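Subject: Structure handover

Hello,

Here is the structure I said I would pass on. My notes on what was found in it follow below.

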Amino acid sequence: MAQIIDIGIKNNDKSFIVKFGILILVLNIVVLLLFIKKACKYKQRRDFGKILGVLLDNAIESAKKSKQKKLTFMLTERKDQVSFEITNTFAEKNINVEKIKEKGFSSKGKDRGLGLYKVEEIVNKYDSVENTTQIEGDFFIQTLTILKSK
């Protein structure tokens, strides 16, 4: 099962359209959490909730600052894994996708740079989890893949 939600964050959107987009986002996060509940043990669920919180916060903040203001989610469940992909536009130039995971590094300014570092700390605790980061054109893509427990 795969779901794609594309929420364009535009400055001239009517309030009800923005609220509807947020509702769709919340519903998809609930669906995601249900998938994670099926795929993982309790402690893992809590950790993955933290990961998704950081990834979503970063994506929303970055998309809001970009020219296109696009944010896309794709949730995929397969027999042996659950994947959650967050794709967003961004305004920052020359992002080093390896360096952004280092403690204290931030492309967003001073006193930042712990979120993606913490994500990597959590991911590294599990053999069954992978978080990939890539840039394709104007899009920043984070993919969290969780192998289901047997």
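**The nonpolar core**

The largest nonpolar core holds 27 residues, and those with the most contacts inside it are Ile51, Phe84, Ile86, Val129 and Leu144. A nonpolar core here is a set of buried Ala, Val, Leu, Ile, Met, Phe, Trp, Tyr and Cys residues joined through side-chain atoms within 4.5 Å. Buried means under 20% relative accessible area, exposed means over 50%, and partly exposed is in between (1.4 Å probe, protein chains only). Helix 2, strand 2, strand 3 (81–89), helix 3 and strand 5 each supply at least two residues of this core. Its largest share, eight residues, comes from helix 2. Ile51 is in contact with Val119, Ile122, Val123 and Leu144, leaving aside its neighbours within four places in sequence; contact means heavy atoms within 4.5 Å.

**What the model is**

This is a predicted model, in which local features need pLDDT of at least 70 and side-chain atom pairs count only at pLDDT 80 or more, while totals for chains, interfaces and linings use all residues. Residues are numbered from 1 along each chain as its sequence is written, and side-chain values use heavy atoms, with hydrogens and water left out.

**The chain as a whole**

The protein chain has three helices and five strands, in the order β-α-α-β-β-α-β-β along the sequence. Helices (H or I, at least four residues) and strands (E, at least two) are DSSP runs, numbered from the N terminus. Of the 150 residues of the chain, 40% count as buried. Among contacts between residues at least 6 apart in sequence, 63% join residues at least 24 apart. The chain exposes about 9,300 Å², and carbon and sulfur atoms supply 56% of that area; accessible areas come from the Shrake-Rupley method with a 1.4 Å probe, and for residues only the protein chains shown count as cover.

**Strands**

Strand 2 (70–77) and strand 3 form a hairpin with three residues between them. They run antiparallel and are joined by seven bridges; two strands pair if DSSP finds at least two bridges between them. Phe73 has Ile86 in strand 3 as its bridge partner. Met74, also in strand 2, is partly exposed at 27% relative accessibility. Met74 and Phe84 are ten residues apart in sequence and 5.8 Å apart in space, C-alpha to C-alpha.

Strand 3 also runs antiparallel to strand 5, with nine bridges between the two. One of the bridge pairs is Asn88 with Phe140 in strand 5. Eight of the nine residues of strand 3 are buried, so this strand is largely enclosed by the rest of the structure.

Strand 5 (residues 139–147) is in turn joined to strand 4 (residues 129–136) by eight bridges, again antiparallel. Glu136 has Phe139 as its bridge partner in strand 5. The hairpin of strand 4 and strand 5 has two residues between the strands, and Gly137 in it takes a positive phi near 65°.

**Helix 3**

In helix 3 (residues 115–123), Leu116, Val119, Glu120, Ile122 and Val123 are buried. They cover an arc of only 160° around the axis, which puts them on the same side of helix 3; the arc is that of the directions from the helix axis to the C-beta atoms.

**Buried polar residues**

Gln142 lies in strand 5 and counts as buried at 4% relative accessibility. Its side chain makes a polar contact of 3.1 Å with the side chain of Thr133. A polar contact is a pair of N or O atoms within 3.5 Å; within protein, one must be able to donate a hydrogen and the other to accept it, and residues adjacent in sequence count only if both atoms are side-chain atoms. Leaving aside neighbours within four places in sequence, the residues in contact with Gln142 include Leu55, Phe84, Ile86 and Leu116.

Asp47 is in helix 2 and is likewise buried, at 4% relative accessibility. A polar contact of 3.0 Å joins its side chain to that of Lys125. Not counting residues up to four places away in sequence, Asp47 touches Ile122, Lys125 and Tyr126.

Lys69 sits in the loop between helix 2 (42–65) and strand 2. Lys69 is buried, with a relative accessible area of 14%, and has a positive phi of about 55° although it is not a glycine. Most residues other than glycine have a negative phi.

Regards
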